[in-house]
Amino acid sequence: MVVVIALTAVLALVAVLGIGVAGLFSAHRRVAAAADLAALAGAVAQQRGEEPCAAAARIATANGADLIACLVRIGSVEVTARLEPGGFLQGAELLARARAGTG
């Protein structure tokens, strides 16, 4: 009986850890996608003569992330996006960087 309880507890712990890892992976993909899209929006805005960082910030926000850095160079835009996931990952901070443009 004690062995069954112990194995059940171990199985429950493995399940909780698995859910946490899956959540972390999902959140990392979300912030990476937000950074990629923000960099692309910034590069397009730069080519159109508009403000690249403002465009990048709008897209990052629309994808659930915060734009925390935006570097504009001739022909390219580099951004850093941040996401603070909830649930099991409350208090964590995930960052992703992306660059887009012709330069």
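Predicted model: local features only at pLDDT ≥ 70, side-chain atom pairs only at ≥ 80, totals over all residues.
**Entry 1: disulfide**

I searched the whole structure for disulfides and found one. The link joins C53 and C70, with the sulfur atoms 2.1 Å apart. I then looked up the angle about the S-S bond, which is -90 degrees, so I noted the link of C53 and C70 as left-handed. C53 sits in helix α2 (residues 52-62) and C70 in strand β1 (residues 66-73), so the bond ties together parts 17 residues apart in sequence. I also checked the accessibility of C70: the relative value is 25%, and C70 counts as partly exposed.

**Entry 2: salt bridges**

I looked up the salt bridges and the structure holds four. One of them pairs D66 with R82, with 3.7 Å between the closest N and O atoms. D66 belongs to strand β1 and R82 to strand β2 (residues 76-83), so this pair ties together parts 16 residues apart in sequence.

R82 also meets E84 in a salt bridge, at 3.9 Å from N to O. A further partner of R82 is E93, with the closest N and O atoms 3.6 Å apart. I placed R82 in strand β2 and E93 in the loop between β2 and β3 (94-101), 11 residues apart, and noted that the pair links distant parts of the chain.

**Entry 3: network and exposure**

Which residues are linked in a network of salt bridges? I listed D66, R82, E84 and E93. I then went through their relative accessibility. R82 is partly exposed at 23%. D66 is partly exposed at 38%, and E93 is partly exposed at 46%. E84 has 53% and is exposed, the cut-off for exposed being over 50%.

Key: Residues numbered from 1 in each chain as written. Heavy atoms only, no water. Disulfide = S-S within 2.5 Å. Helix = DSSP H or I, 4+ residues; strand = E, 2+ residues; numbered from the N terminus. Buried < 20%, exposed > 50% of the residue type's maximum accessible area, 1.4 Å probe, protein only. Salt bridge = Lys/Arg side-chain N within 4 Å of Asp/Glu carboxyl O.
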